[in-house]
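Subject: Structure handover

Hi there,

Have a look at it first, then read on.

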Amino acid sequence: MYPEGVPCWIDVQLPDVEAGKRFYGELFGWTFKVAPGDGAHEVWAYLPATSATPSDGPTSSGSTAPTGAPEPGTEGPAPSDFSLAPVAALVPKPDGRMPTVWTPHFATPDAVALTARLRAAGGQVITTPTPVGDLGVAALATDPEGAVFGLWQAGTHPGFGRRHEPGTFAWAELYTRDTEAANAFYAHLFHDALFGPDADPDFGRAAVTEVFPAEMPPHFLVHFGTEDCEAALGVVTQLGGRVQVPPFDTSYGNVAVVTDNQGASFALLQRRAGDDWREAPQEEGQEEQVPDDLRLEGDEGREDEG
């Protein structure tokens, strides 16, 4: 199981799930299967599991598709048929007025207790903790500035079967207008995941104006790993998506922001060579983004409270 405060799952709400399967299947090599217990609505995306992939927890290793695995973008067999690991969900929008967006979900052992703490810290609960069969308990919430995220209390579904690899979740960046308030809120909510002895955070924050126009509302931007950012951008445009923000350097790698062919924004992340990822070539004179100081300011805030 994932510790509390760790991003453990992502999903995207789309007007056309079939078109989403074609787009992401071609871009990331995903195969798809109707989500457990969901009839013919939500679908889960899968990549081949590895010998090191546990059946009930996270993994971070790579693999080659086994012989007989379905072609990317197709409706695949039951996950157990080819030892596939779940990596994301594609969900049909129940209302056309709702945004087309990727949403990260953070793990918790007790969704009810966490939503109570969240309200006390100034956040809001959109959807109260709701059982999803025997898979787990889900809730949807916002931080004090309105950035939306999910909470997941695992049952039989712990979350990602693979992450931190090409074609899987790699990072979640919160773009916010008040970085100090965001630091205090998330440091209070997910302290151990950010500052505990075994903490290895894979989400951070930045001011909206560092990448997006000032009128952009606060939001989480889900990042997917890639070994070649420029090549991935070419595939995105070929599939009908567009480049929203060209590649730029950050403290956690080289990033480009794109939208899929239905308008859902996400980022492509190419890690630095020191993290066993190839570093993308940089434009001459390109400045590196100021490193994320969530942990620093969060610690200072807790010391002040003490």
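In what follows, buried means under 20% relative accessible area, exposed means over 50%, and partly exposed is anything in between, with a 1.4 Å probe and protein chains only. Helices (H or I, at least four residues) and strands (E, at least two) are DSSP runs numbered from the N terminus.

Please keep in mind that this is a predicted model, so local features need pLDDT of at least 70 and side-chain atom pairs count only at pLDDT 80 or more, while totals for chains, interfaces and linings use all residues. Residues are numbered from 1 along each chain as its sequence is written, and side-chain values use heavy atoms, with hydrogens and water left out.

Let me start with helix H3, residues 111-120. Its buried residues are Ala 111, Leu 114, Thr 115 and Leu 118. Seen down the axis of H3, they fall within an arc of 100° (taken from the directions from the helix axis to the C-beta atoms), so they line one face of the helix. Val 112 and Ala 120, on the other side of H3, are exposed. The buried residues of H3 pack against strands E6 (124-132), E7 (136-142) and E8 (148-154), and also against helix H4 (179-189); contact here means heavy atoms within 4.5 Å.

Both ends of H3 are worth a look. At its start, a side-chain oxygen of Asp 110 comes within 3.2 Å of the backbone nitrogen of Val 112. After H3 comes Gly 122, with a positive phi near 105°.

Now H4: its buried residues are Thr 179, Ala 182, Asn 183, Phe 185, Tyr 186, Ala 187 and Leu 189.

On to the aromatics. Rings of Phe, Tyr and Trp (its six-membered ring) pair if their centres lie within 6.5 Å; planes under 30 degrees apart count as stacked, over 60 as edge-to-face and the rest as tilted. That rule gives 33 aromatic pairs. In one of them, Tyr 175 and Phe 212 have ring centres 5.0 Å apart and planes at 85°, so the pair is edge-to-face. Tyr 175 lies in strand E9 (residues 169-176) and Phe 212 in the loop between strands E10 (203-207) and E11 (219-225), so the pair ties together parts 37 residues apart in sequence. Both Tyr 175 and Phe 212 are buried.

Finally, one aromatic cluster is formed by Phe 23, Tyr 24, Phe 28, Trp 30, Phe 32, Trp 102, Phe 224 and Phe 266.

Best wishes

Technical notes. Polar contact = N/O pair within 3.5 Å; in protein donor to acceptor, adjacent residues only side chain to side chain.
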